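Subject: Structure for you, with notes

Hello,

Here is the structure you asked for. Please open it first, then read the notes below.

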Amino acid sequence: MGEKLIYMDHAATTYVKPQVVEAMLPFFTEKFGNASSIYTIGRESKKAIEESREKVSDAIGAQAREIFFTGSGTEADNWAIKGVAYANKSKGNHIITTNIEHHAVLHTCQYLENDGFEVTYLPVDENGLVTPQQVADAIKPNTILITIMFANNEIGTIQPIAEIGAIAKEKGIYFHTDAVQAIGNIAINVKDMNIDLMSMSAHKFYGPKGVGALYVRKGVKLVSFIHGGAQERGRRASTENIPAIVGFGKAIELATANLDEYNKKIMALRDRTIDEITKKIPFVKLNGHREKRLPGNVNLSFQFIEGESLLLMLDMKGIAASSGSACTSGSLDPSHVLLAIGLPHEIAHGSLRLTFGDENTDEDVNKLLEVLPVIVERLREMSPLYENVKRGNKNV
Amino acid sequence: MGEKLIYMDHAATTYVKPQVVEAMLPFFTEKFGNASSIYTIGRESKKAIEESREKVSDAIGAQAREIFFTGSGTEADNWAIKGVAYANKSKGNHIITTNIEHHAVLHTCQYLENDGFEVTYLPVDENGLVTPQQVADAIKPNTILITIMFANNEIGTIQPIAEIGAIAKEKGIYFHTDAVQAIGNIAINVKDMNIDLMSMSAHKFYGPKGVGALYVRKGVKLVSFIHGGAQERGRRASTENIPAIVGFGKAIELATANLDEYNKKIMALRDRTIDEITKKIPFVKLNGHREKRLPGNVNLSFQFIEGESLLLMLDMKGIAASSGSACTSGSLDPSHVLLAIGLPHEIAHGSLRLTFGDENTDEDVNKLLEVLPVIVERLREMSPLYENVKRGNKNV
Amino acid sequence: MYSEKVMDHFMNPRNVGEIENADGVGEVGNAKCGDIMKMYLKIENDIIVDAKFKTFGCGAAVATSSMSTELVVGKTVEEALKITNKAVAEALDGLPSAKMHCSNLAEEAIRAAIEDYKRKNGLLGECDCAAACGRRCDDVHHDHGYDEDDDE
Ligand SMILES: Cc1ncc(COP(=O)(O)O)c(C=O)c1O
Ligand SMILES: Cc1ncc(COP(=O)(O)O)c(C=O)c1O
Ligand code: FES
Ligand code: FES
């Protein structure tokens, strides 16, 4: 296309920052030693891992020994949920979650349901929020785990995590949160928020793909998920992915150091985008909570059009974004999150997610505001659903 | 130390080849798109993954759709064994393996034993071999899986995989092999060898750490291990680690293209090392089969000394190697593999593993042959066990 | 994912719009699954002389709509009925497997429009009616992007 790419899909993944790549590079070639080895380059690898672990624990107010590196955010979710479930099944078999979790949590819960566990999927309101009261009411004598995401990946809604943590603590029930979208984007302190387990993934905050981490509060009963060697203090086997772990550490260090400024910047882009699009384009709706939302998240539904077409046309204009339409994946239902907040199928199909990041500028938003209305209008002109509207029948 | 590092521990991990790093680099920064995204940089990522998958399948005689990328060799082992066990438990609960498997297999089998499965750990002979007959004899009506490693990571012994595969096929039992040490080092054809599932890991053949692959023959019944998104055709969730997957593909391509020459070279180093050390140093024993062994593997036991001390002294001389001594890991028993081939504890403790690779030269071996006898002698002089020998009592 | 031809027909769709007083109009699909196609045909002496469409759907849905309008023009009604979804997909240099069902939509829209034409002109045989649009959401979208032979 020749044009500069305008990337507005940072919730899907981010590029890796140059400083992060630079920190990783030596570990591919010169400092490639296995961290279990006792010779010099092995010990150097070990040291690099432990330094990275400290950066992670510092960023979230934990102790280094409470951080375990994994191969992805998904693995962290699987481990936390299955690990707590199987370690505590003598105490009970009931798990509480929401119906807008990421598939890494939902499909893991469904797997456990097939294995004799009972799962309550709390519904959310039209903004995607659960209330602490809902959680409290769902607790039963056999509840062993509450797993509720910190912030939603599609609509950006941020849950009342500290309040839920307080309830879990009071009742003596383990509390896990999938913070993959939140970490590196908003401030988190696991102790203040009474979080027992927390999943993270580096590729959402300018770190590498293929490395996650699980915070496990000291004392939490958890069985291992990946069995084998004695890495990660015997709790997560596999030769350590040292470059990626180093990258995780560097990325979280950069993100935390710069959090306020970064947030201010992308919030401004977010707010301007929401305000202007809803002003410029008719039949459009903001999804997710207006204030309690991730600083970089915009999620809009455009009536009468379908998301994949919208994305393809934006791509032709050099803008990368995402959608909750099932047509992007070829599956039956549009995003379970959009349905959970009460959108009808056909409106959920017309959703667009724009997630801003580091390199986005006001000019990027200008460009978006220039091309988006034209594209929406063009697709609506093609849409049989829009005909009726133009004919004055608004109840399509 | 100033001196050039002489790395003789390629079975622990390898450096990443410059061509591999080069292939990976663009995917950190410019081509960072999520492979599930439909815009241009997303589709490019998808394409890169599929090209890599083809390189892997080409290298082992499989179809591309039979290759699934994972976060490590350990994860591939866990998935294969638990995946087959849980998917086929209505047919039976018996698994056959050996007592010299990697912990990724052994600890997974032990986990399954706690969950109601029955595991037969076949003993090996003094060379570390199992026979096809042993496998055939161990099969019971409820056997659902045979998992036997291709080549051992400590003593390098290569098992009669094709023969075992033929038995498994005849009996209609799934056959998994942990080929983490073999792949990229010896030629493998999964179809000819009747392998149903095979674990691989890139960091053993000059690819990156933190990426493995599982070959799953079309038609094998396997449940998922990591639940979540629909990546890897819905069978292994997690945002794909594109740089690492690309690195895996590049590394296996390079390894396969160059296999014969590579083998010839490191076999020469291996054989010279074995011959000269056993000639130069008394009270030394070669562990593993003399011929049926990995081209780069040397494993020797030096009586009267302890492995960790040996490694530390070698490290001081700039040589990186490994040992089967428990002291290197702080655990109680020495390597289960060395015990399984019948070594007494005290001899197992004195073992040294040298695994040659790409960058090793004849000069490296010269250096080793120069320093090793001195170190061994020095440690023996310190050893109370050696006193008796010098006093003429050889029955220590 | 999409061929150049699909992208061309998506970005520059041929024959978008409506035909006033069309001889046959067919609408198939369901907004619930994210796809609706409306096909307008002008038919003279049993020959399709003009076709226009409107589509709510993905790139493949738009491109197959566009391609099928091109394919039907100049054909007799009977010839048009023989156009299969595979033919439409082939004319576009193929579709990703997860998107093959979108081409069903085009085939069915043609059938539905022709059925409408036949009905208006009293040409409809007795049991043709149900065959026209037997397509249901659940039939089409059964897979979740997985491959056919995978068990999970
Ligand atoms: C035989 C064998 N299996 C499995 C593994 C585990 O592979 P990874 O370290 O990639 O998890 C290794 C090496 O560590 C190995 O040598
Ligand atoms: C909320 C949430 N949880 C979990 C994940 C999974 O993380 P990963 O892709 O690292 O496996 C993601 C992103 O993909 C996410 O957005
Ligand atoms: S219209 Fe939904 S996948 Fe094509
Ligand atoms: S002698 Fe210290 S650990 Fe073995």
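First, a term: helices (H or I, at least four residues) and strands (E, at least two) are DSSP runs, numbered from the N terminus. This is a predicted model, in which local features need pLDDT of at least 70, side-chain atom pairs count only at pLDDT 80 or more, and totals for chains, interfaces and linings use all residues. Residues are numbered from 1 along each chain as its sequence is written, chains are lettered from A and ligands numbered from 1 in the order in which they are written, and side-chain values use heavy atoms, with hydrogens and water left out.

**The annotated site in chain A**

An unreviewed UniProt entry gives Cys327(A) the annotation "active site". UniProt positions are given in the numbering used here, feature names are shortened, and annotations may be inferred rather than shown by experiment. Cys327(A) sits in the loop between strand 11 (319-320) and helix 12 (336-340) of chain A.

Is Cys327(A) buried or exposed? Buried means under 20% relative accessible area, exposed over 50%, and partly exposed in between (1.4 Å probe, protein chains only). Cys327(A) has a relative accessible area of 6%, so Cys327(A) is buried.

Now look at what Cys327(A) touches. Contact means heavy atoms within 4.5 Å. With neighbours within four places in sequence left aside, Cys327(A) is in contact with Glu306(A), Glu308(A) and His349(A) in chain A, and with Cys33(C), Gly34(C), Cys58(C) and Lys99(C) in chain C.

Ser309(A) also reaches chain C. It is in helix 11 (residues 307-316) of chain A. Its relative accessibility is 1%, so Ser309(A) counts as buried. Leaving aside neighbours within four places in sequence, Ser309(A) is in contact with Leu379(A), Phe10(C), Gly57(C), Cys58(C), Gly59(C) and Val62(C). Cys58(C) is on the contact list of Cys327(A), and Cys58(C) is on that of Ser309(A) too.

**Chain C**

Chain C has 7 helices and 3 strands. From the N terminus on, their order is α-β-β-β-α-α-α-α-α-α. For residues 1-121 of chain C, UniProt (unreviewed entry) lists "domain: NIF system FeS cluster assembly NifU N-terminal". That span is 45% helix and 22% strand, and its end C-alpha atoms lie 42 Å apart. Chain C has 152 residues, and 53% of them count as buried. Take the contacts in chain C with a separation of 6 or more: residues 24 or more positions apart account for 62% of them.

**Two domains in chain A**

Domain bounds come from an automatic or database domain assignment. For chain A, this gives domain 1 (6-14 + 259-392) and domain 2 (18-257). The centres of domain 1 and domain 2 of chain A, taken over C-alpha atoms, are 29 Å apart. Their contact takes 27 residues from domain 1 of chain A and 34 residues from domain 2 of chain A.

Buried area is the accessible area (1.4 Å probe) that two parts lose on being put together, summed over both. Between domain 1 and domain 2 of chain A it is about 2400 Å², and carbon and sulfur atoms give 53% of that. A salt bridge is a side-chain nitrogen of Lys or Arg within 4 Å of a carboxyl oxygen of Asp or Glu. How many cross the interface of domain 1 and domain 2 of chain A? The rule finds 0 salt bridges there.

**Chains A and B**

Chain B and chain A bury about 4500 Å² between them, with 65% of it on carbon and sulfur atoms. The count between these two chains is 2 salt bridges. Between Arg43(A) and Asp315(B), the side chains meet in a salt bridge (3.5 Å, N to O).

Best wishes
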